[in-house]
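Colleague: I would like a close look at the aromatic rings in this model, and at what surrounds them.

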Amino acid sequence: QVQLVESGGGLVQPGGSLRLSCAASGSIFSTRAMGWYRQAPGKQRELVAAITGGSTNYADSVKGRFTISRDNAKNTVYLQMNSLKPEDTSVYYCNAELRTASWIPFGYYWGQGTQVTVSS
C-alpha cells in the first residue's frame, strides 16, 4: 500500500516561516504530480500548490510567499511557507497522483494532514 506522511506543521507568529514535508512510501511505480491542499474549519479544501515535472502551480493567495519543491529520488514534496499570515491557518494535506504498477491507472492519495497555526 501507499502512505503519505506529512511533517513540519506547528504554531508560528505572523510573518514567520515553516517548511512542510511529505514523504510517499510503499508500492510506488511512478509519481506524476504532488501537491499541497489546505482546509480551514467550515471551508472547502483548496489547492495551495502543486508540482508536475518541472511545472508548478500556486493559489493566488500564496504566490510570492510559498514555494513548492520535490525530491523525486525520495518521493518527497516540500512546501516552504514564508511571510505567513493568520489566514494561512489551516490543516495542510499532502496529495500525490501516482500508480503502483505500470498496468494500473494513476490514482490520488492523501496524507493525514498537519496543522499550521499562525497567531501572535
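How many aromatic pairs does the structure hold?

Modeller: The structure holds 1 aromatic pair, a term that applies when rings of Phe, Tyr or Trp (its six-membered ring) have centres within 6.5 Å, with planes under 30 degrees apart counted as stacked, over 60 as edge-to-face and the rest as tilted. This is a predicted model, in which local features need pLDDT of at least 70 and side-chain atom pairs count only at pLDDT 80 or more, while totals for chains, interfaces and linings use all residues. Residues are numbered from 1 along each chain as its sequence is written, and side-chain values use heavy atoms, with hydrogens and water left out.

The partners are Tyr37 and Trp110, whose ring centres are 5.0 Å apart and whose planes meet at 65°, so the pair is edge-to-face. Because Tyr37 belongs to strand S4 (residues 30–39) and Trp110 to strand S10 (residues 107–110), the pair ties together parts that are 73 residues apart in sequence; strands here are DSSP runs (E, at least two residues), numbered from the N terminus. Tyr37, at 24% relative accessibility, counts as partly exposed, and Trp110, at 38%, also counts as partly exposed, where buried means under 20% relative accessible area, exposed over 50% and partly exposed in between (1.4 Å probe, protein chains only).

Two other rings have a charge over them, meaning that NZ of Lys or CZ of Arg is within 6 Å of the ring centre and within 35 degrees of the ring normal. The charged end of Arg32 sits over the ring of Phe106, 3.9 Å from its centre, and that of Arg45 sits over the ring of Tyr93, 3.7 Å from its centre.

Conventions. Helix = DSSP H or I, 4+ residues; strand = E, 2+ residues; numbered from the N terminus.
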